[in-house]
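Terms are defined where they are first used.

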Amino acid sequence: MGDEIQSRHFEATDFSLFRSRLDEETAHIKHVFEANEFSERGDIVGFELEVCLIDSNGYPAPKNKVLLDELRNPLVVPELAEFNVEFNGSPAALTGHVFSHLHDELYSTYRSCAEAARELKLGAVAIGILPTIKPYLLNSSYMSEMVRYQALNDRLMALRDGEPLHIDIEHDERLAFTHSDVMLEAATTSFQIHLQCKPDRAADDFNAALLASGPMVALSANSPFLFEKSLWHETRVPLFEQAVALGERYLPRVTFGQSYIKQSVFEIFEENQRSHVILLPYVRPEAMMKFSHLRFHNGTIWRWNRPLIGFDYDGQLHLRIEHRTVPAGPTIIDSIVNCAAFLGFVRVLSGSLYDLEKRLPFEQCRSNFYNAAKYGMDATFHWFEGKEISAQKLLLEELLPAAREHLLQHNIPLAEIDRFLSIAEHRARSKRNGARWQLDWIKQHGANYPAMTLAYMRNQETDEPVHTWPLN
């Protein structure tokens, strides 16, 4: 849903025409899947990183337009709220010094943004939920000046018949309140990992991404606070799911899914067409082979693992997985560590999919995801053949060692793998992810969230991994 739209308001004819185009394109993409006509290029990696802007006191600064005008970097674009921006990166093949390349590019973008922010007496912070976010900032007055965001808010609230959103999240403490627009989503910032798939492996890669989701959230959790309440280790998960809920009449818009892929990733696009109401009927003039309406509709359904249709540099159609479970931060090196771990886990788990529903029922896979979001590195998982295992033990004894071996098969040098996966191992061994650092800081210093945010930013700027951060 990254494309801007021209109109905030739609007529019945727009919905009819969009539905017709969506049906045509879904029928045609079915043929593409059946004929295996996607690009054979695969194992290509990309990312998006969402970042918060803060003032000198650690509070959100709704000034992304001023920053973007100063920065003029095409890799840095506005996000939903005026206090958010998004960094984009260039796709890279999963081979050689790929992780160093991704790190260097993302760090360069981050540094240029941080320097431009500093000139404006601002800061740039990559964190799952900014601890200093306030409810009054999460309304349409602070929405970025993009028509698609305004239209999305209009449509979501219309489908709810104006009923406010109900947020109820409980763990160490409970937070329950109502909210009147979609802007709560702006409090949830992520590091989205993209994996372009080889066509014959796409279904296995997608199921492997589902299996990896629980371990990835445990390893990377970085969102323990909202409105000065201690909630889930990855509070971003329940907040995002509740922030765009359409009500009981409709399927959830943010979801882990209903089942594993059985035969083809097409099953998800078919479910999109059949079961999900059209939010924004933005009709495009492009030819059917651009799949503009199918792609736009898919962009308004925020699965934690989402398949995307895209195009290679030469116009060939490709299929990729967008892994959305990982929060932003704590540092650029930590983000690329998360990327390396995810890709390694997918390669490990894609070889473990025989009799998958019997070996690990989907409901248990989904339960792992939410357990990890609630408890972080203290989570316990269901695993294959009925085994129960701690997140720490699964990461250290099974997934990370196996990920090393599988990444070596992609001609990634051992030193490159060691550089990044050793950080993941240290993080898992110490149980010190971003969420744990924040919780420990508050325990040691008291509930001074602005001071913690500024300390977090200072540590982030060093690009030293979070497991090494001091608590001063």
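## Basis and overall form

Helices (H or I, at least four residues) and strands (E, at least two) are DSSP runs, numbered from the N terminus. The model is predicted: local features need pLDDT of at least 70 and side-chain atom pairs count only at pLDDT 80 or more, while totals for chains, interfaces and linings use all residues. Residues are numbered from 1 along each chain as its sequence is written, and side-chain values use heavy atoms, with hydrogens and water left out.

The protein has 15 helices and 14 strands. Its radius of gyration is 21 Å, close to the 23 Å that the globule rule gives for 472 residues, so the protein is as compact as a globular protein of that length. The radius is taken over C-alpha atoms, and the rule is 2.2 Å times the number of residues to the power 0.38. Along the principal axes, the C-alpha atoms fill a box of roughly 60 × 50 × 40 Å.

Of the 472 residues, 59% are buried. Buried means under 20% relative accessible area, exposed over 50%, and partly exposed in between (1.4 Å probe, protein chains only). Contact means heavy atoms within 4.5 Å. Among contacts with a separation of 6 or more, 77% are between residues 24 or more positions apart.

T109 lies in helix 3, residues 98-119. T109 is buried, with a relative accessible area of 4%. Apart from neighbours within four places in sequence, T109 is in contact with N73, L75, V76 and F87.

L319 belongs to strand 12 and is buried, with a relative accessible area of 4%. Leaving aside neighbours within four places in sequence, its contacts include F33, F38, L195, V265 and F269. P307, L308 and I309 are also among the contacts of L319. The C-alpha atoms of L319 and K198 are separated by 7.8 Å, although these residues are 121 residues apart along the chain.

## Backbone features in loops

G329 and P330 are joined by a cis peptide bond, with omega about 0°. P330 sits in the loop between strand 12 and helix 9 (332-349).

Positive phi values occur in residues other than glycine at K121, near 60°, and at E228, near 65°. K121 is in the loop between helix 3 and strand 5 (123-125) and is exposed, with a relative accessible area of 68%. E228 is in the loop between strand 9 (225-226) and strand 10 (229-230); at 40% relative accessibility, E228 counts as partly exposed.

## Salt bridges

Side chains of opposite charge can pair when their charged atoms come close. A salt bridge is counted when a side-chain nitrogen of Lys or Arg is within 4 Å of a carboxyl oxygen of Asp or Glu. The structure holds 28 of them. One joins R41 and D312, with the closest N and O atoms 2.6 Å apart. R41 lies in the loop between helix 1 (12-35) and strand 1 (44-54) and D312 in the loop between strand 11 (305-311) and strand 12 (317-323), so the pair ties together parts that are 271 residues apart in sequence. R41 is partly exposed at 27% relative accessible area, whereas D312 is buried at 8%.

D168 and R174 also form a salt bridge, at 2.5 Å between the closest N and O atoms. D168 is partly exposed at 38% relative accessibility, and R174 is partly exposed at 47%. E234 pairs with R236, where the closest N and O atoms are 2.8 Å apart; both E234 and R236 are buried. D378, K431, R432, R436 and D440 are linked in a salt-bridge network.

## The second largest pocket

A pocket is found on a 1 Å grid over the protein atoms alone: an open set of points where a 1.4 Å probe fits, with protein on both sides within 12 Å along at least five of seven lines; lining residues have an atom within 4 Å of a point. Grid points are joined across faces, edges and corners, and a volume is the space filled by probe spheres set on the points.

The second largest pocket has a volume of about 250 Å³. It is lined by 16 residues, and those closest to its centre are S259, I261, E267, I268 and E271. Helix 5 (202-220) and helix 7 (266-275) are the elements that give two or more residues to this lining, and helix 7 gives the most, with 5 residues.

The lining divides into 6 nonpolar, 4 polar and 6 charged residues. Here Ala, Val, Leu, Ile, Met, Phe, Trp, Tyr, Cys and Pro count as nonpolar, Asp, Glu, Lys and Arg as charged, and the others, Gly among them, as polar.
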